[in-house]
Amino acid sequence: MNKSILRPTSKDYSDIDPDEENGVISCMIENNQVNIDVKTISPFKCIFGSAGKLQEDQQTAIIVIYGCWLPDRRLREYRYIMDQLFYYIYHKLEKLVTNDYVLIYFHGATPKHRTPELKILRKYYQMINFRLRKNLRAIYVVHPTRWLRAVIALSRPFFSNKFYHKVHYLFTISELEREFPHNPVPIPIIIEQHNTSVLYIDP
């Protein structure tokens, strides 16, 4: 396996967003202005990352989401935090995605109490504008558990067929490497460790 893909992210997520002013990031979602509470989302900014553009075309953006750092559903203000986090991710996508893009979601090392409920994901999906839906080329789910695959299968009636057919499962980092041989994807140590365990145990 090419070890260049196996490295923890060292990005400093405490950096101030260029659009931040007085602790707030303003953006437009569904033609409505939304103010993102930066203080609330700061501990969770690390769930979002980018691996640049596909080397093959230098146009397709590679977006990365790390499930292991999602908010805990047991938090008292969980819904508010998730809404603010969604707005932040939406804001980043609007900035980064100019053409097609692929989404890599790492589910490895994500406990169930950090996995969003289906109804929340459905709400967020419906808020995504047509351009971002249309330009999404594929979703790669890395380290999917049986439970997650079952949830995705059951959610099929709530999403378009086009969207459902864009979902691809990758069970190991080696499979991810074969899909993106020329794009090193930042991988946290906790996910590397999980990858080692799934080489021997099907989650």
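**Stop 1: a helix across a sheet**

Select helix 2 (residues 78-96), which lies across strand 2 and strand 3 and runs at about 115° to strand 3. Here, contact means heavy atoms within 4.5 Å; axes are lines fitted to C-alpha atoms, for helices over the stretch in contact, and angles run from 0 to 180 degrees between N-to-C directions. Helices (H or I, at least four residues) and strands (E, at least two) are DSSP runs, numbered from the N terminus.

This is a predicted model, in which local features need pLDDT of at least 70 and side-chain atom pairs count only at pLDDT 80 or more, while totals for chains, interfaces and linings use all residues. Residues are numbered from 1 along each chain as its sequence is written, and side-chain values use heavy atoms, with hydrogens and water left out.

**Stop 2**

Next, display the open sheet of three strands, ordered 1-2-3 with antiparallel pairing. Strand 1 and strand 3 (32-37) are at its edges with a single partner strand each, so one side of each has no neighbour in the sheet. Strands count as paired if DSSP finds at least two bridges between them; strand 2 and strand 3 are joined by six.

**Stop 3: the cores**

Which residues have the most contacts inside the largest nonpolar core? They are Leu93 and Tyr101, in a core of 40 residues. Helix 2 supplies the largest share of this core, 10 residues. A nonpolar core is a set of buried Ala, Val, Leu, Ile, Met, Phe, Trp, Tyr and Cys residues joined through side-chain atoms within 4.5 Å. Buried means under 20% relative accessible area, exposed over 50%, and partly exposed in between (1.4 Å probe, protein chains only).

Centre the view on Tyr101; beyond its neighbours within four places in sequence, its contacts include Ile63, Leu93, Leu132 and Arg137. Apart from this core lies another, of 19 residues, including Tyr66, Tyr140, Val185 and Ile187.

**Stop 4: two loop residues**

Move to Asn22, in the loop between strand 1 (20-21) and strand 2 (24-29). Asn22 is not a glycine, yet has a positive phi of about 55°; at 75% relative accessibility, Asn22 is exposed.

Then select Gln58, in the loop between strand 4 (48-53) and strand 5 (61-66). Gln58, also not a glycine, has a positive phi of about 60° and is partly exposed, at 47% relative accessible area.
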